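We will go through it one part at a time.

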Amino acid sequence: MTESTTIHLVETPFGPFHMRASGGAIVAAGWRKMQGGAPCDQLCEAAGQVAAYFAGTRQDFDLPLRVEEADLVQRVCDCLCAIPFGETRTYGDLAKQLGRPAQAVGQACGRNPIPVIIPCHRVLSATGLGGFSAPGGVETKVALLKHEGAAGLLI
């Protein structure tokens, strides 16, 4: 790989949250351990924003992001970024917006490489919570929605 890849992590209520940057943008995040060099400025800023989100003092992220996935995943991630803090959508809502089947949208949500920052936890199924790939799975999704004040939507 010719581009410099850097990593950084921030402690969250769900364990260490790792982030990776490449080419001046965040390209991956999550609770899986990642490989790379020392953190860059973007990752230090991202760590601060993620920490502020979990501390309840930040509701959105202002970071350079690059989704290095198939076109549908990129399009779904764009839709996810447009869902405001404390609100939810269904896979069906996004499917209508994108002209794709809800199941394909759900699979694309599952391939989101930058969870929390790209808020896939804000998407629910028409009949329940749907899935979540973080440690704790759906329980973590519920905790994130409660953190955002969206718990009333779960009843």
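This is a predicted model. Start with charge. The structure holds four salt bridges. Side chains of opposite charge can pair when their charged atoms come close. Let us visit some of these pairs.

Find Arg-66 and Glu-68. Their side chains meet in a salt bridge, with 3.0 Å from N to O. How open is this pair to the outside? Arg-66 has a relative accessibility of 27%, so it counts as partly exposed. Glu-68 has a relative accessible area of 49% and is partly exposed too. Exposed would mean over 50%.

Now move to Glu-87 and Arg-89. They also form a salt bridge, and their closest N and O atoms are 3.2 Å apart. Glu-87 is partly exposed because its relative accessibility is 34%. Arg-89, at 28%, is partly exposed as well.

The next pair has another setting. Arg-122 and Glu-148 join their side chains in a salt bridge, at 2.8 Å from N to O. Which parts of the chain does this pair link? Arg-122 sits in the loop between α4 (102–110) and β5 (123–124). Glu-148 lies in the segment after α5 (138–147).

Next, go inside. In soluble globular proteins, nonpolar side chains tend to be buried together. Here the largest nonpolar core has 41 residues. Which of them touch the most other members? They are Phe-17, Met-19 and Leu-80. The strands β2 (15–22) and β3 each supply at least two residues, and so do the helices α1 (41–55), α2 (71–81), α3 (91–98) and α4.

Stay with Met-19 for a moment. Set aside its neighbours within four places in sequence. Met-19 is then in contact with residues that include Thr-6, Ile-7, His-8 and Val-10. Its contacts also include Ala-28, Ala-29 and Met-34. Further along the chain, Leu-43, Ala-46, Ala-47, Val-50 and Ile-117 are among them.

Now pick out helix α2. Val-73 is found there. Its relative accessible area is 3%, so Val-73 is buried. Beyond its neighbours within four places in sequence, Val-73 is in contact with Val-67, Ala-108 and Arg-111. How far is Val-73 from Ala-134? Their C-alpha atoms are separated by 18 Å, and the two residues are 61 apart along the chain.

Turn to helix α5. Its buried residues are Thr-140, Lys-141, Val-142, Leu-144 and Leu-145. What covers them? The cover includes α1, α3 and β5. An α-helix has 3.6 residues a turn, so residues three or four places apart point the same way. Look closely at Thr-140, which has its place in α5. With a relative accessibility of 4%, it falls under the 20% limit, so Thr-140 counts as buried. Leaving aside neighbours within four places in sequence, Thr-140 is in contact with Phe-14, Phe-132, Ala-134 and Pro-135. Just after α5 comes Gly-149, which takes a positive phi of about 80°.

Another backbone angle deserves a glance. Val-116 has a phi near 75°, a positive value in a residue other than glycine. Val-116 is found in the loop between α4 and β5. Its relative accessible area is 1%, so Val-116 is buried.

Last, look for empty space. Rolling a probe the size of a water molecule over the atoms shows where empty space is left. The largest pocket has a volume of about 230 Å³. It is lined by 15 residues, and Arg-32, Glu-69, Arg-111, Asn-112 and Pro-113 lie nearest its centre. Which element gives the most to this lining? Strand β3 (residues 25–30) does, with three residues. By class, the lining has six nonpolar, three polar and six charged residues.

The second largest pocket has a volume of about 180 Å³. It is lined by 14 residues, and the closest to its centre are Asp-60, Phe-61, Cys-81, Ile-117 and Pro-119. Its lining has ten nonpolar, one polar and three charged residues.

Conventions
Residues are numbered from 1 along each chain as its sequence is written. This is a predicted model: local features need pLDDT of at least 70, side-chain atom pairs count only at pLDDT 80 or more; totals for chains, interfaces and linings use all residues. Side-chain values use heavy atoms; hydrogens and water are left out. On a 1 Å grid over the protein atoms alone, a cavity is a set of points where a 1.4 Å probe fits but cannot get out, and a pocket is an open set with protein on both sides within 12 Å along at least five of seven lines; lining residues have an atom within 4 Å of a point. Grid points are joined across faces, edges and corners, and a volume is the space filled by probe spheres set on the points. Helices (H or I, at least four residues) and strands (E, at least two) are DSSP runs, numbered from the N terminus. Ala, Val, Leu, Ile, Met, Phe, Trp, Tyr, Cys and Pro count as nonpolar, Asp, Glu, Lys and Arg as charged, and the others, Gly among them, as polar. Buried means under 20% relative accessible area, exposed over 50%, partly exposed in between (1.4 Å probe, protein chains only). A nonpolar core is a set of buried Ala, Val, Leu, Ile, Met, Phe, Trp, Tyr and Cys residues joined through side-chain atoms within 4.5 Å. Contact means heavy atoms within 4.5 Å.
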